[in-house]
Amino acid sequence: MNYASFLVHVGQAVYRNALIEVGLKLTETFDAHLTALHVYSPIHYAYGGLGTWSAMEALLRDEEEAARQRDVAFKAKFESQAGQFEALRTEWRYESGELTRTLAQHARYVDLLVMGQHNPDEASLGAYDTPVEVALMAGRPVLVAPYAWRSEVVGRRIVVAWNATRESTRAATAALPLLMRAASVDVVVVGEDKQFSSGYGEGPGSDIALYFARHGIKSSVSWIPGGEWRVSEVLLSVIADRGADLLCMGGYGHSRLRELILGGATRDLMRHMTVPTLMAC
């Protein structure tokens with residue numbers, strides 16, 4: 001099993017070059033194809049219109065011209081970075097449209113989308129929930145890199161957050177090519193005994209570890225009672241303790257409506273992630 005194609009979202013973030021480096025490294029590792037996508041979202045997508053068309057026309061024209069100039073600079077930098085790798089298959093795309101829908105449209109035709117976490121210190125049309133929304137709309141896994149993260153190495157030590165749901169199953173399956181190459185894989189189950197009455201089999205995490213073993217992946221299994229700690233807090237603690245550089249998890253482990261109202265592990269981790277997170281819905 002292998003990845004054949006990647007998509008990297010090229011935004012205005014200061015860590016844009018680090019994201020591109022991740023995409024290039026993954027492309028090299030898996031002998032795949034990489035598409036870099038620069039999305040320009042006109043201001044009326046963000047603000048729902050700023051008056052009549054005649055009042056906005058000049059502003060929109062200036063914004064579009066500035067976006068095209070940025071695209072030229074971004075493309076040149078991408079080609080410079082790609083040129084440091086031998087015989088990589090890459091392409092550049094520039095498109096105007098609403099960010100989430102445009103990313104989802106392109107992500108449907110690749111194996112994995114690489115994008116960055118929302119940076120609260122930057123003016124951006126994106127938000128913390130954007131990667132989750134893209135994963136939901138595209139039906140493809142998304143690898144999200146923290147905005148404060150600079151290392152290009154991903155997947156040497158992987159933590160798999162397992163809760164025996166459809167979403168965590170999709171994430172574990174989507175991560176198989178990375179799991180097969182990892183130096184260590186830790187399956188982590190967070191919860192109380194009463195939560196394990198169904199779905200987990202005889203022991204929490206044992207069945208997914210067996211599934212991994214049949215793919216040639218050696219993994220350890222840890223069951224951690226949540227107690228007063230939130231699931232996201234437990235996972236972040238485990239990541240730090242084990243020196244992991246990638247978290248694999250399902251998005252929206254409960255109903256999406258409940259997640260949006262109450263928060264939950266998905267939304268917490270989208271805000272407080274410390275390592276790249278591969279997520280599927």
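This report describes the strands, helices, nonpolar cores and salt bridges of one predicted model.

## About the model

The structure is a predicted model, in which local features need pLDDT of at least 70 and side-chain atom pairs count only at pLDDT 80 or more, while totals for chains, interfaces and linings use all residues. Residues are numbered from 1 along each chain as its sequence is written, and side-chain values use heavy atoms, with hydrogens and water left out.

## The sheet

Helices (H or I, at least four residues) and strands (E, at least two) are taken from DSSP runs and numbered from the N terminus. Two strands are said to pair if DSSP finds at least two bridges between them. On this basis the model has an open sheet of 10 strands with mixed pairing, in the order β3-β2-β1-β4-β5-β10-β9-β6-β7-β8. Strands β3 and β8 (220–224) stand at the edges with a single partner strand each, so one side of each is left without a neighbour in the sheet. Neighbouring strands of this sheet are turned by 20° against each other on average, direction ignored.

Strand β2 (residues 33–40) runs parallel to β1 (residues 5–9), to which 5 bridges join it, and Ser5 has His33 of β2 as its bridge partner. Strand β2 also runs parallel to β3 (residues 89–96), with 8 bridges between them, and here the bridge partner of Leu34 is Thr90. Because 7 of the 8 residues of β2 are buried (under 20% relative accessible area, with exposed meaning over 50% and partly exposed in between, for a 1.4 Å probe and protein chains only), this strand is largely enclosed by the rest of the structure. Strands β1 and β4 pair in the parallel sense over 3 bridges, and Val8 stands opposite Val114 in β4.

## Helices against the sheet

Contact here means heavy atoms within 4.5 Å, and axes are lines fitted to C-alpha atoms, for helices over the stretch in contact, with angles running from 0 to 180 degrees between N-to-C directions. Helix α4 packs on the sheet and touches β1, β2, β3 and β4, its direction making about 160° with that of β2. Helix α5 packs on the sheet as well, touching β4, β5 and β10 (277–280), and its direction makes about 170° with that of β5.

In helix α4 (residues 99–107), 7 of the 9 residues are buried, so the helix is largely enclosed by the rest of the structure. The buried residues of α4 include Leu99, Leu103 and His106, and what covers the buried residues of this helix includes β1, β2, β3, β4 and α5.

## Nonpolar cores

A nonpolar core is a set of buried Ala, Val, Leu, Ile, Met, Phe, Trp, Tyr and Cys residues joined through side-chain atoms within 4.5 Å. The largest one has 48 residues, of which Leu143, Leu179, Phe212 and Leu278 touch the most other members. Helix α1 (residues 16–30) gives the most to this core, with 7 residues. Apart from it lies another core, of 21 residues, among them Val39, Leu113, Met273 and Met279.

## Salt bridges

A salt bridge is a side-chain nitrogen of Lys or Arg within 4 Å of a carboxyl oxygen of Asp or Glu, and a search of the whole structure finds 8 of them. One joins Arg68 to Glu64, with the closest N and O atoms 3.5 Å apart; these residues are 4 places apart in helix α3 (residues 53–82), and are therefore separated by about one helical turn. Both ends are partly exposed, Arg68 with a relative accessible area of 43% and Glu64 with 36%.

Arg267 forms a salt bridge with Asp129, the closest N and O atoms being 2.5 Å apart. This pair links distant parts of the chain, since Arg267 is in helix α11 (residues 265–272) and Asp129 in the loop between β4 (112–116) and α5 (130–138), 138 residues apart. Arg267 is buried at 16% relative accessible area, and Asp129 counts as buried at 14%. Asp129, Arg267 and Arg271 are linked in a network of salt bridges. A further salt bridge joins Asp245 to Arg156, with the closest N and O atoms 3.3 Å apart; Asp245 is buried, at 10% relative accessible area, whereas Arg156 is exposed, at 51%.
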